[in-house]
Amino acid sequence: MSKPFWLFIASLVLLIALSAAVWRETHPAWREWQARYNAQPNVTPVPLEIHALVPTQTGKPELCVTCHVGIEEISAAHPAETFGCVVCHGGDPRALDKDRAHATLRGGRNPSALAVAASSCGQANCHGGYADAEQNHVDRVLKSLQATYAGGIAHVRYAFGAQKSPRAQFGVRAVSDASMVLPPKALRSLAPFPTNPVTGTIDAKMLSCLNGGCHLWTTPNKPSMYSYRSSGCAACHYVYADDGLYRGKDVTIARNEPGHGVAHRLTTAIPFAQCNHCHNRGNYDLRAMTFEWRDDLPPVARPLSAQMPPEGRRLIEYYQPIGEFTNCELELDCVDCHTAQEAMGDGHIYGAKQDAQYVQCQTCHGTPTTKPKTTTIREPNELALRRARLSGHAEFLKVGDRVIETERGELLWSVKQIAPNQFAQIGKVTGKIYNVPLVMGSKCTQDGKTQTSDYCHQCHSVVR
Amino acid sequence: MSWWRKEKSILYALHPEKIPASGARLTYTFGLGGIAVLAALVTFLTGAALTFYYVPTPEGAYSSIVLIQDVVSFGALLRGLHYWGAQVMVLAVTLHLARVVFTGGYRPPREFNWLIGIALLVITLIWDFTGYVLRWDDGAYWAFLVGTNLLREIPVWGEPIYRAVVGDTQISAAALLRFYGWHIFGLTIVGAFGIIYHLWRLQKDGGISAPLLKGGETRTFVSRDELFFREFVVGAFVIAALVIITLIFPAPIGPAVNLDAGVGDVRAPWIFLWVQNLLRDLPPLWAGILAPLIVLLLMSLLPFFDRRGPGRAIWFARERWKPQVLFAVIALALIILSIREAWR
């Protein structure tokens with residue numbers, strides 16, 4: 001071969017290699033995501049460049065939004081301009097390579113997973129580290145029934161003869177309560193559920209069940225229509241659609257892959273359908289020692305959410321055929337009655353749902369002889385007012401209003417007194433205003449001292 | 001093109017007017033020395049560019065590398081060429097050394113240049129190790145800790161040497177800065193001088209080693225133009241290969257070091273995997289200090305035991321089987337130990 005030939009070949013190879021390098025430089029992955037974002041309908045196109053968010057809390061630039069352009073703000077209480085992404089998610093805020101950026105994510109996609117929640121949601125000055133235990137939500141949740149599943153474990157073991165009393169002994173993880181004084185029915189501690197049970201026993205069956213859902217430590221291992229959810233705090237506060245599909249603007253989240261929240265958004269206005277993704281999904285079959293999924297729900301291809309409004313859906317979707325329920329249980333959302341302490345725990349360990357739940361019909365409706373207990377809002381920064389603001393219903397409540405106080409001292413900010421004998425409730429999710437009738441002065445012959453909500457259902461049950 | 005006169009080109013001028021054709025044969029040298037010099041040059045130039053972006057502090061080091069990789073324009077290419085240039089340099093230097101052993105190129109009068117070459121190998125390895133440390137990722141941090149602690153194993157002088165190298169009683173922000181200083185400044189001065197001296201001495205020793213002439217033979221030569229041309233072609237291919245390797249295999253960076261998580265994944269750079277493997281079985285003084293010194297000493301002494309007789313500048317000359325077998329055994333041992341460690 002001649003010299004010019006080799007000179008030509010060598011120069012050509014070098015030129016090709018350098019051209020490839022230039023092409024790579026001008027075609028980073030984030031550019032592709034931005035182009036796909038811009039191609040969506042109803043978005044304001046962004047310039048194809050590196051985008052940095054500089055949260056005021058840290059002052060350090062975060063490049064996450066370069067790929068996650070247009071992702072929904074997680075909530076009004078967690079503005080991205082203040083907190084950014086990394087304070088919750090971890091990860092490398094300066095990396096634009098997917099793997100590098102995500103390598104140190106806290107809890108993978110879910111920083112609220114209970115294994116890491118203490119360092120994300122529960123970090124000091126967020127939802128943990130306060131002198132007031134009420135504000136340490138993550139600590140409370142870890143001891144709550146939703147995380148320990150103590151009641152479910154105890155009752156199933158008791159039903160199958162694995163323990164002599166229905167008193168709870170095990171939690172999904174070990175927990176203990178260091179409080180000096182325990183409230184009635186609270187337990188001092190729970191042992192961790194055995195990780196190596198004898199094959200064939202109910203414990204072995206339960207372990208596989210516990211590994212695949214039914215509590216906040218995990219997500220369902222085989223999620224299907226109506227059961228898509230996250231774990232940890234996000235299990236409740238991060239809303240999933242029935243079909244588990246994402247409907248936001250962030251193009252990096254696959255639209256056709258079930259198992260994503262409906263949007264990148266946390267809420268305290270949790271719709272019943274979210275609770276529904278765990279509760280009332282089926283029943284334990286005592287004969288087969290299995291959990292049987294409900295078979296009376298509409299098929300996957302035609303979710304109810306596409307067919308009818310929530311009120312109609314709830315009858316079919318939520319309440320199982322044997323369930324009894326009243327009108328407010330049909331119209332309100334679960335969170336309109338079940339308080340934060342009921343759902344997330346009061347900081348103590350309980351062994352059964354009935355020991356932890358305490359809100360009754362009379363909490364809001366009173367009894368034939370008493371009106372519901374109320375408290376006046378005195379400070380603009382009171383918890384009740386803060387919660388009203390965070391739920392987007394700041395206009396409903398103001399200083400000077402009287403709201404319902406539960407028997408454990410929680411204020412129901414969404415139920416206020418509007419006249420001496422008149423109460424109004426705002427739906428936390430729907431924003432609808434309801435009249436709350438009082439038992440006092442009605443024809444009801446209930447004995448408020450001895451009768452619980454079960455009795456109310458005898459007369460006020462809705463007929464299907 | 002009146003401004004272009006090859007006679008006025010400094011690169012052209014640095015080349016000898018002619019070199020023996022036998023030494024210029026590709027199958028004799030495989031261009032390994034030249035490739036090593038080219039790789040050093042690529043590493044030097046890209047390294048100079050990287051100094052504008054790298055931050056030699058424990059807080060800033062890792063994230064500045066992430067910035068170089070992901071944000072700085074052509075940063076990934078620069079760092080990739082720097083990394084792969086360095087790997088190619090280590091590989092070329094090592095193979096060049098093997099070539100010299102297997103051809104007996106170190107025979108007099110080149111034994112002194114052989115020692116310079118050994119010194120350049122050591123400089124190259126330290127260069128590589130100090131560069132590896134600058135990554136400040138999980139693997140590099142712990143390798144830094146283990147590597148420097150090995151110095152303490154030296155009897156009597158261990159602590160003073162440690163405090164001279166690390167500049168402190170333990171790994172600290174200052175130690176990172178010192179390694180950075182050594183990497184970009186100290187070693188560069190010594191290394192650049194060593195390379196220039198090695199090349200100058202090569203010319204003074206009569207160029208690339210060539211077989212002794214038999215009766216009636218005359219030496220043929222290759223002109224400076226021809227040499228220049230060959231260098232350009234090989235150089236273009238090597239640089240293209242470096243660019244392509246960089247595009248396919250970006251320079252690695254592990255997870256950030258997390259001191260709260262305890263001792264992470266201690267991982268020596270690949271050139272020292274054999275030392276890491278020895279450390280698992282032998283006392284640190286033997287594995288980390290004496291073993292490498294013995295290997296170096298044996299290498300250094302080769303030209304003083306294998307001085308004369310037939311076989312100069314001939315590949316695998318039977319007459320010189322002893323040094324070749326010794327070298328092969330050592331090389332094989334190091335390779336096996338490295339593979340053992342890599343597969344753990």
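This is a predicted model: local features need pLDDT of at least 70, side-chain atom pairs count only at pLDDT 80 or more; totals for chains, interfaces and linings use all residues.

**A close look at the sheets, then the helices**

Guide: Now follow one pairing: β1(A) runs parallel to strand β3 (residues 189-192) of chain A, and 2 bridges link them. To find the place on your screen, look for Phe170(A), which has Ala191(A) of β3(A) opposite it. In general, the strands of a sheet pair through backbone hydrogen bonds, in either a parallel or an antiparallel way.

Further along chain A there is another open sheet, with 5 strands in the order β6-β7-β8-β9-β10 and antiparallel pairing. Its edge strands are β6 (374-376) and β10 (433-436) of chain A, each of which pairs on one side only. If you ignore direction, neighbouring strands in this sheet are turned against each other by 40 degrees on average.

The antiparallel pair β6(A) and β7(A) is held by 3 bridges. Within that pair, Thr375(A) has Val403(A) in β7(A) as its bridge partner. On we go to the next pair: strand β7 (residues 402-405) of chain A and strand β8 (residues 411-419) of chain A run antiparallel and are joined by 3 bridges. Here Glu405(A) has Leu411(A) of β8(A) as its bridge partner. How many residues lie between β7(A) and β8(A) in their hairpin? There are 5, and Gly409(A), in the turn, has a positive phi of about 90 degrees.

Next, the helices, still in chain A. Helix α8 (residues 150-159) of chain A packs with helix α9 (residues 202-210) of chain A at an angle of about 155 degrees, and their axes are 10 Å apart. Angles over 145 degrees count as roughly antiparallel, which is why α8(A) is described as roughly antiparallel to α9(A). The crossing of α8(A) past α9(A) is right-handed. On the α8(A) side the contact uses Gly152(A), Ile153(A), Val156(A) and Arg157(A), and on the α9(A) side it uses Ile202(A), Asp203(A), Met206(A) and Leu210(A). Sorted by class, the residues of this contact are 5 nonpolar, 1 polar and 2 charged.

One meeting is between helix α12 (residues 273-281) of chain B and helix α13 (residues 284-305) of chain B, at an angle of about 135 degrees with axes 8 Å apart. That angle makes α12(B) and α13(B) oblique to each other, and their crossing is right-handed. From α12(B), Trp274(B), Val275(B), Leu278(B) and Leu279(B) take part, meeting residues of α13(B) that include Pro284(B), Ala287(B) and Val295(B). This contact has 9 nonpolar residues, 1 polar and no charged.

The other meeting brings α12(B) together with helix α14 (residues 321-342) of chain B, where the axes come within 7 Å and cross at roughly 75 degrees. These two helices, α12(B) and α14(B), are therefore roughly perpendicular to each other. Among the residues in the contact are Trp274(B), Asn277(B) and Arg280(B) of α12(B), with Leu334(B), Leu337(B) and Glu341(B) of α14(B). The classes here come to 6 nonpolar, 3 polar and 4 charged residues.

While you are in chain B, two loops deserve a visit. In the loop between α6 and α7 (111-134) of chain B you will find Pro109(B), and the peptide bond from Pro108(B) to Pro109(B) is cis, with omega near 10 degrees. In the loop between α8 (138-151) and α9 (158-166) of chain B sits Val156(B), which has a positive phi of about 65 degrees although it is not a glycine.

Finally, a word on confidence. Chain B has an average pLDDT of 91, and 99% of its residues score at least 70. Where in chain B is confidence lowest, and where is it highest? It is lowest in helix α1 (residues 10-13) of chain B, with a mean of 82, and highest in helix α6 (residues 75-103) of chain B, at 97. For the complex, the predictor gives an ipTM of 0.89 and a pTM of 0.86.

Key
Residues are numbered from 1 along each chain as its sequence is written. Chains are lettered from A and ligands numbered from 1 in the order in which they are written. Side-chain values use heavy atoms; hydrogens and water are left out. pLDDT is the predictor's confidence in each residue, from 0 to 100. Helices (H or I, at least four residues) and strands (E, at least two) are DSSP runs, numbered from the N terminus. Axes are lines fitted to C-alpha atoms, for helices over the stretch in contact, and angles run from 0 to 180 degrees between N-to-C directions. Angles under 35 degrees count as roughly parallel, over 145 as roughly antiparallel, 65 to 115 as roughly perpendicular and the rest as oblique. A crossing is left-handed if the near helix is turned anticlockwise from the far one by less than a right angle, and right-handed if clockwise. Contact means heavy atoms within 4.5 Å. Ala, Val, Leu, Ile, Met, Phe, Trp, Tyr, Cys and Pro count as nonpolar, Asp, Glu, Lys and Arg as charged, and the others, Gly among them, as polar. Two strands pair if DSSP finds at least two bridges between them.
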